[in-house]
Amino acid sequence: MLMNEQQVQTLMEALPYLSNFKDKTIVVKYGGNAMLNDELKNKVLQDILFLQYAGMRPVVVHGGGPEISRQLEQAGKKSEFVGGLRVTDAESAAIAEMALVGKINTDLVGRLNALGGKAVGLNGKDANLLKAKKYLADVYKNGEVNLVDIGFVGSVKEVNTDLINCLLDGGYIPVIAPTGVGDEGETYNINADVAAGEIAGALKAEKLLVLTDVRGIYSAYPDESSFISTLTFEKAHELILKGSIDGGMIPKVRSCIKALSGGAKKTHIIDGRAEHSILMELFSDKGVGTEVVKEI
């Protein structure tokens with residue numbers, strides 16, 4: 001099939017980016033409604049495969065909130081959130097692990113491999129991939145910070161980058177479920193955004209792409225005119241303190257801050273519901289989401 005003029009122009013625009021990103025690690029946090037629609041799911045995975053075919057080293061960190069909520073509901077447990085994070089007792093942690101590792105991770109790995117990839121599923125317990133400790137949620141109210149115990153929710157103490165790099169060097173795509181292991185072998189449910197930020201920082205990734213269900217960051221959500229295309233992580237933190245960013249968007253913005261602080265080059269929050277948003281953000285001059293950087 002012959003390409004039209006627009007397709008050729010798009011390809012020419014992408015060439016410098018393809019050259020610049022060759023052999024670079026790209027971490028994709030995959031979640032939101034892009035995981036619920038089968039057709040869209042396969043297109044996202046095709047984009048990830050394209051990154052590898054183009055010479056990049058993609059790493060996938062996936063969420064699974066809707067599936068966790070569904071399994072908790074089946075078990076008669078109600079989901080509660082504090083600061084955008086799920087309150088998790090021991091039983092809920094086991095259910096979350098079942099949903100993330102037993103169902104979602106294996107499904108994504110199978111789909112990637114069926115599309116022609118070489119994907120390997122991992123979770124935090126594999127070779128101590130994600131060592132974790134209890135996380136106390138910090139809730140902002142009236143300019144003050146209150147710490148709240150939300151159970152078996154973890155923060156990342158250490159990332160086993162050797163394991164990830166070994167797989168990348170072998171031409172595999174690591175697909176990581178965000179469960180962590182504590183010092184006593186206990187399971188911690190780690191927010192997928194948080195895990196992706198830690199992993200991107202530890203790998204010194206060229207890019208962290210966080211897929212979500214909105215266009216990006218707004219200074220006054222949902223006012224479309226307040227959309228922000230680029231901002232520093234200092235400004236992003238300021239928006240959290242002001243309450244302009246709240247709920248489930250807080251962990252996504254924090255993941256960008258953590259990735260940049262850890263050594264990642266750039267981070268992006270994009271709408272995973274839009275077809276090929278990964279490629280549009282990486283390989284076009286305008287991009288489609290919000291770019292969070294150290295400095296402008």
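Let's start in the loop between S5 and S6, where you'll find Asn 128. This is a predicted model, by the way, so keep that in mind throughout. What is the phi of Asn 128 like? It's positive, about 50 degrees, although Asn 128 is not a glycine. Ala 127 sits in the loop between S5 and strand S6, residues 130-141, and Ala 127 also has a positive phi of about 50 degrees without being a glycine. Why point that out? Because most residues other than glycine have a negative phi, and most peptide bonds are trans.

Eight strands make an open sheet, and if you read across, the order is S5-S8-S2-S1-S11-S15-S16-S14, with mixed pairing. Which strands stand at the edges? They are S5 (119-123) and S14 (230-232), and each has a single partner strand, so one side of each has no neighbour in the sheet. Going from one strand to the next, the twist averages 20 degrees.

If you're new to sheets: strands pair through backbone hydrogen bonds, either parallel or antiparallel. S5 and strand S8 (residues 173-177) run parallel, and five bridges join them. To find your place there, look for Leu 122, which stands opposite Ile 176 in S8. Then there's helix H7, residues 233-242, which packs on the sheet and touches S14 and strand S16 (290-293). The direction of H7 makes about 85 degrees with that of S14.

Okay, helices on helices. Two packed helices are described by the angle between their axes and the distance between the axes.

Pair one is H3 (residues 65-74) with H4 (residues 90-114). They pack at an angle of about 130 degrees, and their axes are 9 Å apart. Parallel or oblique? With that angle, H3 and H4 are oblique to each other. Their crossing is right-handed. From H3, the contact uses Glu 67, Ile 68, Arg 70, Gln 71 and Leu 72, while the H4 side includes Ser 92, Ile 95, Met 98 and Lys 103. Sorted by class, that contact of H3 with H4 has eight nonpolar, two polar and three charged residues.

Pair two is H4 again, this time with H2 (residues 38-53). Their axes come within 10 Å and cross at roughly 65 degrees, and the crossing is right-handed. Asp 38, Lys 41, Asn 42, Leu 45 and Leu 49 in H2 meet Asp 107, Leu 108, Arg 111 and Leu 112 in H4. The class count for H2 with H4 is four nonpolar, one polar and four charged.

The crossing of H6 and H8 is right-handed. Among the residues that meet are Val 194, Gly 197 and Ala 200 in H6, with Ser 255, Ala 259 and Gly 262 in H8. That contact of H6 with H8 splits into four nonpolar, four polar and four charged residues.

Last stop: the rings. A pair of aromatic rings is described by the distance of the centres and the angle of the planes. How many aromatic pairs are there? The count comes to five. Take Phe 50 and Phe 283: their ring centres are 6.0 Å apart and their planes are at 70 degrees, so this pair is edge-to-face. Phe 50 lies in helix H2 and Phe 283 in helix H9 (residues 277-283), so the pair ties together parts that are 233 residues apart in sequence.

That's the tour. Thanks, everyone!

Definitions and conventions:
Residues numbered from 1 in each chain as written. Predicted model: local features only at pLDDT ≥ 70, side-chain atom pairs only at ≥ 80, totals over all residues. Heavy atoms only, no water. Axes fitted to C-alpha atoms, helices over the stretch in contact; angles between N-to-C directions. Helix = DSSP H or I, 4+ residues; strand = E, 2+ residues; numbered from the N terminus. Parallel < 35°, antiparallel > 145°, perpendicular 65-115°, else oblique. Left-handed = near helix turned anticlockwise from the far one by under 90°. Contact = heavy atoms within 4.5 Å. Nonpolar A, V, L, I, M, F, W, Y, C, P; charged D, E, K, R; others polar. Pairing = 2+ DSSP bridges. Phe/Tyr/Trp six-rings, centres within 6.5 Å; stacked < 30°, edge-to-face > 60°.
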